[in-house]
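Good morning, and thank you for making time on the agenda. Please have the sequence and the structure in view.

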Amino acid sequence: MPSSKSLVFDPAKHLAQGKENEQLARALIALDSCYKDWVVTLAFYAALHYAYSRLPATNVPHTHQDAKPLILQHCGNTAFGLYSDLSDKSRNARYYPVLAKAYRDNPIVAEGSLKSLDFLKQELGIT
């Protein structure tokens with residue numbers, strides 16, 4: 001069990017987690033994996049962690065709903081729009097089997113999610 005000190009909001013750790021999620025998403029695309037729906041979900045969680053890495057350590061979101069106004073305030077309209085679009089696509093992939101299958105069968109949504117992630121990183125100044 002992690003100590004309470006290790007649970008402190010740490011923007012650098014969010015940046016590292018975002019990079020790991022992105023790396024796995026890109027690996028699944030490179031392998032032409034059948035799990036393209038998971039590429040969409042991984043792209044969203046990479047975006048979430050990248051956005052969190054830009055929040056002040058004093059603003060600790062506890063839910064996705066708590067995070068939205070903070071991301072808008074600290075990351076800007078463009079980044080927030082990209083984040084929101086990835087969030088919607090991820091929710092579709094996780095909760096709507098018909099859409100998840102459509103994402104698996106056609107790489108366009110997965111590849112588009114990675115392009116959105118690239119734009120979000122550019123907005124946030126993440127290299």
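I shall begin with the overall fold, continue with the last helix and its surroundings, and end with the aromatic pairs and a loop residue.

A word on the source: this is a predicted model, in which local features need pLDDT of at least 70 and side-chain atom pairs count only at pLDDT 80 or more, while totals for chains, interfaces and linings use all residues. Residues are numbered from 1 along each chain as its sequence is written, and side-chain values use heavy atoms, with hydrogens and water left out.

First, the fold. The protein contains 6 helices and 0 strands; helices here are DSSP runs of H or I with at least four residues, strands are runs of E with at least two, and both are numbered from the N terminus. The order of elements from the N terminus is therefore simple to state, α-α-α-α-α-α. Along the principal axes, the C-alpha atoms fill a box of roughly 40 × 35 × 30 Å. Of the 127 residues, 39% count as buried, where buried means under 20% relative accessible area, exposed over 50%, and partly exposed in between, with a 1.4 Å probe and protein chains only. Among contacts (heavy atoms within 4.5 Å) between residues at least 6 apart in sequence, 69% join residues at least 24 apart.

Let us turn to α6. This helix covers residues 107-124, 18 residues in total, and reaches 26 Å from its first C-alpha to its last, close to the 26 Å expected at 1.5 Å a residue; the expected span is 1.5 Å times one less than the number of residues. Its buried residues are A110, S113, L114, S116, L117, L120, K121 and L124. Seen down the helix axis, these buried residues fall within an arc of 160°, so they line one face of α6; the arc is that of the directions from the axis to the C-beta atoms. What do they pack against? Their partners are α1 (11-30), α2 (36-52), α3 (64-75) and α4 (77-95). On the face turned away from the buried side, α6 carries the exposed residues I108, K115 and Q122.

Both ends of α6 deserve a remark. At the start, a side-chain oxygen of N106 comes to within 3.0 Å of the backbone nitrogen of I108. After the helix comes G125, whose phi is positive, near 75°.

Two residues of α1 come next. E22 lies in this helix and, at 7% relative accessibility, counts as buried. Which side chain does E22 meet in a polar contact of 3.0 Å? It is that of K121; a polar contact is a pair of N or O atoms within 3.5 Å, where within protein one must be able to donate a hydrogen and the other to accept it, and residues adjacent in sequence count only if both atoms are side-chain atoms. Not counting residues up to four places away in sequence, E22 touches A46, Y50, L117, D118 and K121. N21, also in α1, is buried at 10% relative accessibility. With the same exclusion of residues up to four places away, N21 touches L42, Y45, A46 and H49.

Now the aromatic residues. The structure holds 4 aromatic pairs; rings of Phe, Tyr and Trp (its six-membered ring) pair if their centres lie within 6.5 Å, with planes under 30 degrees apart counted as stacked, over 60 as edge-to-face and the rest as tilted. The rings of F9 and Y52 have centres 6.1 Å apart and planes at 50°, so this pair is tilted. It links distant parts of the chain, F9 in the segment before α1 and Y52 in α2, 43 residues apart. Both F9 and Y52 are buried. F44 and Y83 form another tilted pair, 5.5 Å centre to centre with 45° between the planes. Ring pairs join F44, Y45, F80 and Y83 into a cluster.

Finally, S53 sits in the loop between α2 and α3 and is buried at 9% relative accessibility. A polar atom of the S53 side chain lies 2.6 Å from the backbone oxygen of Y50.
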